Amino acid sequence: MNLPEDILLQILSWLPAESLIRFKCVCKAWYALLEDQNFIYTHVNNMINPIRRNVNAHLLISCRSSMTNKRVISLSRDSSLDRFINQDLPPFFSNNFGQIRLIGPCNGIICLYGYPDQIALCNPSIGQFKILPPSQVSRPHDIKVRGGDIGVGFDSKIKDYKVIQILFCISNQSGLYYHVEIYSLGTDSWRKYDAAVPANVMYTNMWSMVYKNETFCWWAQNGNTEVILSFNMSKEIFQETPLPSDIECFGGRHRTTRSIVPLNESIALIVYRMKEKEKIFDVWVMNELVLGAHEKSTWTKQLSIGPISGVERPLGFWKSGELVLENCSRELVLYDRKTKEIKNLGLHGKRDRLEVLVYYDSIVSVQRV
């Protein structure tokens, strides 16, 4: 029995990426369908559909192998987080990446970031990796790169994926300043970004996130004001959004700190005291990040989680609001705030080096747009 084409497309668009990749071998017509950009984006949207997002969610983790102690990227294979599969990384990562940061995801694409200029894109669903070419952008000859940070996102106007790299530089003439470059997957090349960065990304910042695929956000500071620094990939502009005015001050004797992580499709700010043995995590949620209209971006304190003992820092939220944490033994754990139970996920890392992303299946290629 032959199904109508529209019914067949609808069925295929809800299947996991692993199945769709196998179906490419069925016939030329199916191969062409699964390469069609309209079908690919329909599939992406179906995977994050609110009705099915909890079923389709995976946990992607940068951790240490229990066998070799080498850094690995691991992907959950069941909703209970009982089974993880290590991703096969090309030799490039072992040779060039001392630490691998996970940036994203954006429509299933993850950016892997080592030291500045060591950057790759990957899609774990289909096992694709792409090492980004070295930048050919002219940089001042007297600068020294002291560090950097990175963002990834989708330009919906021209249907292109972009990577923005902010290099922290020291110059004999200018002192400390930012040099910014943007990579386009469509052209497979870098270009200089000339506008100023209005706030300082925290130098040791591990807290950044993609917001609705098109905007990337960092925790940053402008003078004495803490802000969410965001960059819109389509408009290529930065924006600052102040953090809530009534949160506990950064630092101090309790070493109060923050993290920003995705919560459903919103930006969540987690405020907590690093020095406390029993930690309480205050969760603030931004209603909407609106370009060019700071007054419309407001924060609401949604809940407090804890006290929880034996944990170091929050890494993100899982499907039903469970909090993913690093415990005091550098292990990955899951805290259920309803039952107050802690589940050890059997993965570990060096101090402050565990990273977690909630990931959804995708057949978007990193080889081209």
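Which residues form one aromatic cluster with W218? In this predicted model, for which local features need pLDDT of at least 70 and side-chain atom pairs count only at pLDDT 80 or more, while totals for chains, interfaces and linings use all residues, the cluster consists of Y193, F216, W218, F231 and F238. Residues are numbered from 1 along each chain as its sequence is written, and side-chain values use heavy atoms, with hydrogens and water left out.

The structure holds 12 aromatic pairs, where rings of Phe, Tyr and Trp (its six-membered ring) pair if their centres lie within 6.5 Å, and planes under 30 degrees apart count as stacked, over 60 as edge-to-face and the rest as tilted. One of these pairs joins F23 and W30 in an edge-to-face arrangement, at 5.6 Å centre to centre and 75° between the planes. Y193 and F231 are likewise edge-to-face, because their ring centres are 5.5 Å apart and their planes stand at 85°. Since Y193 belongs to strand β11 (residues 189-193) and F231 to strand β15 (residues 225-232), this pair ties together parts 38 residues apart in sequence; strands here are DSSP runs of E with at least two residues, numbered from the N terminus. Y193 is buried at 10% relative accessible area, and F231 is buried at 0%, with buried meaning under 20% (1.4 Å probe, protein chains only).

Notes
Helix = DSSP H or I, 4+ residues; strand = E, 2+ residues; numbered from the N terminus. Buried < 20%, exposed > 50% of the residue type's maximum accessible area, 1.4 Å probe, protein only.
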